[in-house]
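Trainee: Walk me closely through one part of this chain, please. Start with strand pairing, then move on to the packing around it.

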Amino acid sequence: MTTTNIPLNERTDRFQGYRGSAKQVLEKFALGVWSEVEITNDQGSNFRGVILPRSETCDDLHIVVKLFNGYNVGLAADRITDAREIGYKRAVYKIPEKEFPFDPKKKKVTLLGTGGTIASRLDYRTGAVIPAFTPGELYGAVPELADIANLTTKKLFGVFSENMGPQQYIPLAKAIGEEIAAGVDGIVIGHGTDTMAHTGAILSFMVQNSPVPIVLVGSQRSSDRPSSDAAINLMNAVRTAAECDIAEVMLCMFGPTSDKYDLLHRGTRCRKMHSSYRSTFRTIGATPLAMVHHQQNEKGQYFDYLTDDYLKRDKSRVPTIIPTFEEKVTIQYYYPNFNPDIIEALSDRGYRGMVIAGTGLGHVNKPLYPAIKRAIENGMTVVMTVQTLWGFAQMYVYDTGRDLLELGIIPMDNMLPETAYMKLAWVLGQTDDPKKIRELMLKPVNHEITPREPHNGYLILQGNLPEVEAFTRKHWK
Amino acid sequence: MLQTLDYQSVGLISGLEVHQQLLTREKLFCRCPAGLFTETHDGEVLRHMRPTLSELGEYDGTALMEFKTKKEIVYLLNQLNVCTYDMDDTPPFLVNQEAIDIAIELCLAMHMDIIDEVHIARKQYLDGSIPTGFQRTAIIGVNGWLPFKGRKLTVTHVSLEEDSCREVIDKGHRIVFRTDRLGTPLTETVTGAELRTPEEVRDAILLCSLTARSTGRVRTGLGAGRQDINVSVRGGCRVEIKGVPRAPYAVKLVHNEGIRQSNLLKLRDELHARGLRRPTDIQMRISDVSDIFADAPVEFVQRARANGSRVMAVRINGVKGLAEFPTQPSTMFTDELSGRIRVIACLDEPPIVMASAQIATLPAGRRIAEKISRRVQAGAQDDFFVVWGPEEDCRTAAEEIRIRFADATEGVPKETRQSLPGGFTTFERILPGPDRMYPDTDSPPTRITDDRVEQARQRLHTAPWERLERYSSWRVPVETTEYLIRRGGAEIVDAAVKETGVDGLTAAVEIGQVAKSLKRSGVPIERLGTEQWVDIFDLHTDGRLPRECIREVATFVGLEPGTTAKAACASLGIDLQNESEWKPQVSELLAHGYTTDTNDSPEKRMRFVVGKAVEQLKRKVPAREIAAFVKAELQGASK
């Protein structure tokens, strides 16, 4: 918190967000944002507090004052009869930053920041939460991290999850390669949750044979809330990076909504399944890889591994970094009455790849055939996934499927649609040879296609159903 | 015996925060039903709370204190009244507009200025009582007043907020809450610190409550209205007594807090006299004394030791004997320590903390006390305290003992105190400041237009004080008027008076007293609204329904909804006779009915005859007319 007395005309943010009559009133009474004021209105009510910036999406009729009792009120500009500045207090929203303590006995972990709500603060311009903490400040907020590992932080980007794309994926993959080369014991990537699974998928392809864990982490409740899952997720992610035996690209997020444990989900097999729940991520078509506890479990361990089928940590292994991405790739969700024009347009625009999320076992209707045929003839790679998410595209079962195969569509087995999108973009970034494309698409890099679906792979938690409860007790703990 | 206190000379002042649940269909920020309370659950969620920065970049003291307690918080969920919003897994829906309208009405009833644009803020509560870790709250009105004992009681502001969870159990590091009440819309009415005696506090609570009730749109029943009382004495500090369920309890609570603060000021003087003038003058030393208690036949200590806990002694320099310094009537300074330790260090094995003097009273206590005294190197002026529990908690407790003595050098610490039965209080938390407030980024502001305020004004019922004045001019007892206002009957009385011309006293008594007794005997009298009562009084003012039969007709209509008063009369056989029919019958009684002692006074004779006649002519003749007739007859005869 800093307080500086700056003359009005030197305050660059004096009218931050204020327009129209509200701004005129600020001018009239020689006030500005962060002025401590005493305001009187036409009913003789007095308000004492600090003028806050106004959200640009709000009207130009009100002035927002944070009263000295802590409440915010919007005062109609045209009702203000008198006002005067009694002080000036510019807010600096900052977590006390501390240098991260170094312990030679602890593992080295690098936290790469991309933005997102794992690291966020309030934005007065829009009144919303923006990604703005430097990763270094995280330690000020979550000092427990020092008990887990020696953490260094690097801020790569400051973007919302929905703004992540190839411009971020490629430098991110390269940065991971550099960190591994520098000898870290694990990597944590702070990421917004909306497209965290997409990033998990693309990194699984771009960074192969990693010697150490690569852990994506975020939060569903921003860290400006006391009930945030950010701190526990971050602790668990850093613990995973430092100590977990699984050297893969993983997502580390709440298992249940309670503060109990996180689940590690494989980057290629994971999906955000709820818009706001803490335990939004679900492994699809398999079980999660492991549970992570922020306190030791009754066996004195932080990890409960749920499978043996994973790439083990081995610091002598040299990773392969393949940072390629073709941007002319699309994903199309089929629905009844889907118009062929869409596919024709994609062909005309020179799209090189299309993932279809088909119905059932991987179907679209007949009126689309000519458009698909033309697209493939023009050199577009068209692959089929299922919008049921669980299960395989099995296109021999019905004639529709066989017809589509005939057209040259490649079924993706049980690859998730978003994963298929990332993989196709990655593959097309490397080659335009149809044979090579087909081969790369169908050869699993890391379980994006699994040869078999385990009996407990179809696991949709349905609240309190006793059989589900019994099932998860047996298989997850 | 009540210890006396001259409120004026100690400068006692008090203000209120009156909480009132609003009668809405849904909760404040989600679509769960409001007011549906359950005692069972079908789900549990476990959470922890961490403090966050305020909008202005500062940590709040209370938040930090609550973080120290490291509580596991468990929420019990019931599908009937809780959704993913309540458990903090879904962002808020737009604020309930019905609740805003009711809050505006309440503000207008208290002459308030309505805020032009309502902004939702988050008020941090890390005690777990709200799963988000903050209460969503917004100021709706400011700058109001209530007429109070010939002056104006300032109403500083009214905020609209979501109610918190109900605590089920708080033991050690685990606290359990039920979530049914969570999210119920609630107004908080804050008055100026202008109340000067405990009785004024009580009366102001009643006035606020009556005003809220007069809107007819607030919840009633246990827990629907609760108040926090702020008390200070001159030289003391604002202490908030939280969760006072009923107005009469306020009297003793305020009185006892006045005494507590006066005593704490005397304690401050005593500390100063001993050279402990500043908080930093208080020094603490902690030692493990588990071994000293190894063989001590002290049950609670042994129970703790059996769980692997430690017994620790805390020396505080220069405070010999001050543990027994009086605070509230029949409590002492040790109770201040134990309250704080229970909440912050989570040690809850009674008596929680023992001072050296209490140790000495234990079996073999004198020897133990001497050993401890040597261990902690207590000088002649020093005192020591013993706590027991997990080592980390004992260390937190030691620090809290030091802090509490340090605070004592400055007088009265700012704190929130929980009200206990019997008019006593115990530490709940440090009094939170404005730093725990920050804007709710999930909710857009709500503009309150002039039209909307005007519409709310149109819906306003008569102010309770106006009604009290009018009804008392009708000679209606104050309690009856207040009952009518609280239960919504006053609106019916006014309508009946206006539409039927019935006299106000009759309507008020029939609706406020008779109906109340019918309700108590199980008659669903609340089924009778304005329409039904107007119908009944219409018949009465037309002279077709005797006053004494109103009760029967009302009961009938209550039991048989949809029946008109006229039909009820017919069913009950209420059918007034002409004078020519009944007067001979009464005359007959006058002549021959009174057969006992002829020396009786005319009054006694009259009462007897009237009684007989009313009984015989029930439902046929109004009792009043019979009485008038008998009186006239007897007077005529005596002439």
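Mentor: Two strands count as paired when DSSP finds at least two bridges between them. Keep in mind that the model is predicted.

Begin with strand β7 of chain B, residues 134–148. Twelve of its 15 residues are buried, so the strand is largely enclosed by the rest of the structure.

Now its partners. Strand β4(B), residues 113–114, runs antiparallel to β7(B), and two bridges join them. That just meets the cut-off of at least two bridges. In this pairing B:Asp113 faces B:Val142 of β7(B). Strand β6(B), residues 121–124, is also antiparallel to β7(B), over four bridges. There B:Gln124 has B:Phe134 as its bridge partner. Next comes strand β8(B), residues 151–162, antiparallel to β7(B) and joined to it by ten bridges.

Move along the chain to a helix pair. Packed helices are described by the angle between their axes and the distance between the axes. Helix α4(B), residues 198–214, packs on helix α5(B), residues 249–273, at about 140°, with the axes 8 Å apart. The two helices are therefore oblique to each other. An angle has to be over 145 degrees to count as roughly antiparallel. The crossing is right-handed. On the α4(B) side the contact uses B:Pro198, B:Glu199, B:Val201, B:Arg202 and B:Ile205. On the α5(B) side it uses B:Ala250, B:Val251, B:Val254 and B:His255. Six of these residues are nonpolar, one is polar and two are charged.

Next, an open sheet in chain B. Four strands line up in the order β14-β15-β17-β16, with antiparallel pairing. B:Ile316 is bridged to B:Asp383 of β17(B). A helix covers part of this sheet: α10(B), residues 391–408, lies across β14, β15 and β17. The helix runs at about 20° to β15(B).

B:Ala345 sits in helix α7(B), residues 333–345. B:Ala345 has 25 other C-beta atoms within 10 Å, so it is buried. Burial takes 20 or more. Beyond neighbours within four places in sequence, B:Ala345 touches B:Asp393, B:Thr396, B:Ala397 and B:Glu400. By contrast, B:Arg547 lies 66 Å from B:Ala345, C-alpha to C-alpha, and 202 residues away in sequence.

The axes of α14(B), residues 489–500, and α16(B), residues 530–541, come within 9 Å and cross at roughly 40°. These helices are therefore oblique as well. α14(B) passes α16(B) in a right-handed crossing. From α14(B) the contact takes B:Glu491, B:Ile492, B:Ala495, B:Ala496, B:Glu499 and B:Thr500. From α16(B) come B:Thr530, B:Trp533, B:Val534, B:Phe537, B:Asp538 and B:Thr541. That contact divides into six nonpolar, three polar and three charged residues.

Notes:
Residues numbered from 1 in each chain as written. Chains lettered and ligands numbered in written order. Predicted model: local features only at pLDDT ≥ 70, side-chain atom pairs only at ≥ 80, totals over all residues. Axes fitted to C-alpha atoms, helices over the stretch in contact; angles between N-to-C directions. Parallel < 35°, antiparallel > 145°, perpendicular 65-115°, else oblique. Left-handed = near helix turned anticlockwise from the far one by under 90°. Contact = placed C-beta atoms within 7 Å. Nonpolar A, V, L, I, M, F, W, Y, C, P; charged D, E, K, R; others polar.
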